[in-house]
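The following note sets out comments for a colleague examining the model below.

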Amino acid sequence: MNQISKAQFISLLLMEDLFILFCLKEEISIITAIGFSAGIILQFLFSVPLIKIYSRGKSLKDCGKAAEAVILIYIIVWGGMLFSMLWNAGDVIYIPYGNSGFWGKFMVAAIIAVVCVYISSSGIKALGRSALIAAAMGVVCLLIVIISALIQSDMSNLKEIGNKSFLSELIRGFALSGGLGSFIMLLGFTKGKPMRNAAGYFIGKVILTLAVIITGVLVSGGIMEITDFPIATAAQLSQPFDVQRIDSLFLIVFSVYAVYSIAVQASAADYLLGEVIPAIKKYRSTLMLAAMASVGFIFSGNTHYGMGYSIAVAVILLFAPVSYFVKRRLRGA
């Protein structure tokens, strides 16, 4: 993998985080924003041991093949979750063939896989450069929706707490951060100081999460009981100008971010597969995308959060540093 800049690193990861928020199911409230933000802070704390290893000039390779294999499996599973989220969100967001049963999902997966193979074939550096443009397009769309929400929405929606507790929302937000597998990979290939790069990402993630969820509450608060995808619904309902169709712009951003989210997983998995099984030299991206799509079909229709998923995120953040210190101790012995 080629090195990427801090801006590219943050853009690649935040696009995936925004895509996940687009696909967020069930009701949201101000408690959701607080719980998700607290979960992000915990994620940063869990990642500190790994950041310190990178700060010493070490890499994921120094943590051993076992760590690389575990993270590879995790990234494949999370890539499948992203496919599943995409198909589930097709219930409210129009995607050609997306609601046409098995073959509709297969066509969507195949098209995305082909595009992902193409854009990731030039390496993570080229993917990072193009990510800056895609991220900027998403920011413009997001700002339009936020401004529309502030102008048109009922501020009393923020007072509605709903049935979710702070703890349940913290767990849900923590579990929906499966992209931290690619965070572990990309951080080691980002220029600059790892602590600053990681802090920049997590700060950006908190700001993005608060902005998107609060906007969703403002716009969709009155119909929260009858919508399964409040963030996507908010983007579709927001119409700041009579001649402007923000839902069409949202569909473009949603599709582009879906591709980038899965392409980042494919690039990370491609590299790790080459490290874990060096004998495989060709078609690694294709193999990884096929594996992710297969996992997606298995998990299709399921929710992607809960205590089990949260534990998995915590384990994946700690597994590499634990492996590194165990390996170091054994060598010292």
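**Notes on charged contacts and fold**

1. Lysine 61 and glutamate 275 form a salt bridge through their side chains, with an N to O distance of 3.6 Å. This pair links distant parts of the chain, since lysine 61 is in the loop between helix 2 and helix 3 while glutamate 275 is in helix 10 (residues 246–276), 214 residues apart. Lysine 61 counts as partly exposed because its relative accessibility is 47%, and glutamate 275 counts as buried because its value is 17%. It should be kept in mind that the model is predicted.

2. Glutamate 68, in helix 3 (residues 65–89), deserves a separate remark. Which side chain of opposite charge is nearest to glutamate 68? It is lysine 65, at 4.6 Å; glutamate 68 is buried yet has no salt bridge. A salt bridge requires the side-chain nitrogen to lie within 4 Å of the carboxyl oxygen. Leaving aside residues up to four places away in sequence, glutamate 68 touches Leu60, Lys61, Leu272, Glu275 and Val276.

3. The side chains of aspartate 270 and arginine 284 meet in a salt bridge of 2.7 Å, N to O. Here too the pair links distant parts of the chain, with aspartate 270 in helix 10 and arginine 284 in helix 11 (residues 284–299), 14 residues apart. Aspartate 270 is buried because its relative accessible area is 18%, whereas arginine 284, at 22%, is partly exposed.

4. Within helix 6 (residues 166–175), glutamate 169 and arginine 172 lie 3 residues apart, about one turn of the helix. Their side chains form a salt bridge of 2.7 Å, N to O, and both residues are buried. The count of salt bridges comes to 4.

5. As to the overall fold, the protein chain has 12 helices and 0 strands. Of its 333 residues, 53% count as buried. Among contacts with a separation of 6 or more, 85% involve residues 24 or more positions apart. The chain exposes about 14,600 Å², of which carbon and sulfur atoms supply 67%.

Note on methods:
Residues are numbered from 1 along each chain as its sequence is written. This is a predicted model: local features need pLDDT of at least 70, side-chain atom pairs count only at pLDDT 80 or more; totals for chains, interfaces and linings use all residues. Side-chain values use heavy atoms; hydrogens and water are left out. Helices (H or I, at least four residues) and strands (E, at least two) are DSSP runs, numbered from the N terminus. Buried means under 20% relative accessible area, exposed over 50%, partly exposed in between (1.4 Å probe, protein chains only). Contact means heavy atoms within 4.5 Å. Accessible areas come from the Shrake-Rupley method with a 1.4 Å probe; for residues, only the protein chains shown count as cover. Lys and Arg count as positive and Asp and Glu as negative; His and the chain ends are not counted.
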